[in-house]
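Subject: Structure handover

Hello,

The structure we spoke about is below, with notes on what was found in it. Please look it over when you have time.

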Amino acid sequence: MPNPVDRTLRMTNNSSFEFFRAITRCPAASIVDGLRAKDTGAPDLKQMLADHAHYVTTLKRTGAEVIELPPLEEYPDGVFVEDTALCLPQGAVLMRPSAASRLGEVDEMAPTLHQVYDDVRRIEGPGHIEGGDILVTGREILVGRSARTDAEGVSELDAIVSEWGHSLREVFTPSGVLHFKTDCSLLDGETILATKRLETSGCFEGYRVLNTADGEEAAANAIRFNQLVLMPAGFPRTADMLDRNGFAVVEINNTECAKLDGGMSCLSLRF
Ligand code: CIR
């Protein structure tokens, strides 16, 4: 049963899922060296490029502008741009990834954010935080502590976003799950798609929660982007459930990104 809806959320605007722009980065041939929790084989670059093209075209279909950045051979995980920054209406915050091989991706993203934002801040450390652990909803910013995001990183981000008038709430990513958003996505200002294992942690109290179907937990990393919900292909019961709930779902093959623990949200910055 979905949770009761908090009606106060209806008073918020839709900046959490209405976007004018996105930033993506083309996968590089070095993607075969990308980080992964478990080795299930090397991702196939040709397939990944085709999937990426479908993803970018789908973002553009909504009327948004997509800034497409070139591949970075020196950063195998560079395609997962979400982890490098948080983009809010007031400004952007450059992250500080825990994964040492990914730290340099932030400097590669910085010039693009400076072109589109007047106010660009940076997490200076010593803490760490990755964009995949941050869910911006209609009323707050949820940040999941994880193996990649620590208390110091969360607190440094809190200081910045509070200045911009946002309320940040620290929550916890289930152990063994890479990022908070590996297990959840925002569907609209008050509705969250989440795995049962994440929902039972209680972090979504007051929201309406739709659960991924049993055995389809990997469908949780979707994105609501304007009128569409982009979700990984291959999870028919979850896709049907979203369809029945009135969401316009586009399924995108994610087999290659999944080998590197990546999904729909990781592939773009949206603002
Ligand atoms: C990593 O382990 O950092 C990459 N292979 C996957 C990053 C996925 N990003 C995300 O969930 N936001």
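A residue is near a molecule if one of its heavy atoms lies within 4 Å of it. There are 13 residues around the ligand, and Asp77, Asp83, Arg102, Arg148 and Leu260 come nearest.

This is a predicted model, in which local features need pLDDT of at least 70 and side-chain atom pairs pLDDT 80 or more, while totals for chains, interfaces and linings use all residues. Numbering runs from 1 along each chain as its sequence is written, and side-chain values use heavy atoms, without hydrogens and water.

The ligand shell is made up of 5 nonpolar, 2 polar and 6 charged residues; charged means Asp, Glu, Lys and Arg, nonpolar means Ala, Val, Leu, Ile, Met, Phe, Trp, Tyr, Cys and Pro, and the others, Gly among them, are polar. A polar side-chain atom of Glu82 lies 2.9 Å from a ligand nitrogen. A backbone N or O atom of Leu260 is 2.8 Å from a nitrogen atom of the ligand, and a polar side-chain atom of Arg148 is 2.8 Å from an oxygen atom of the ligand. The ligand alone exposes 350 Å², of which the protein buries 99% (Shrake-Rupley method, 1.4 Å probe).

Regards

Notes:
Polar contact = N/O pair within 3.5 Å; in protein donor to acceptor, adjacent residues only side chain to side chain.
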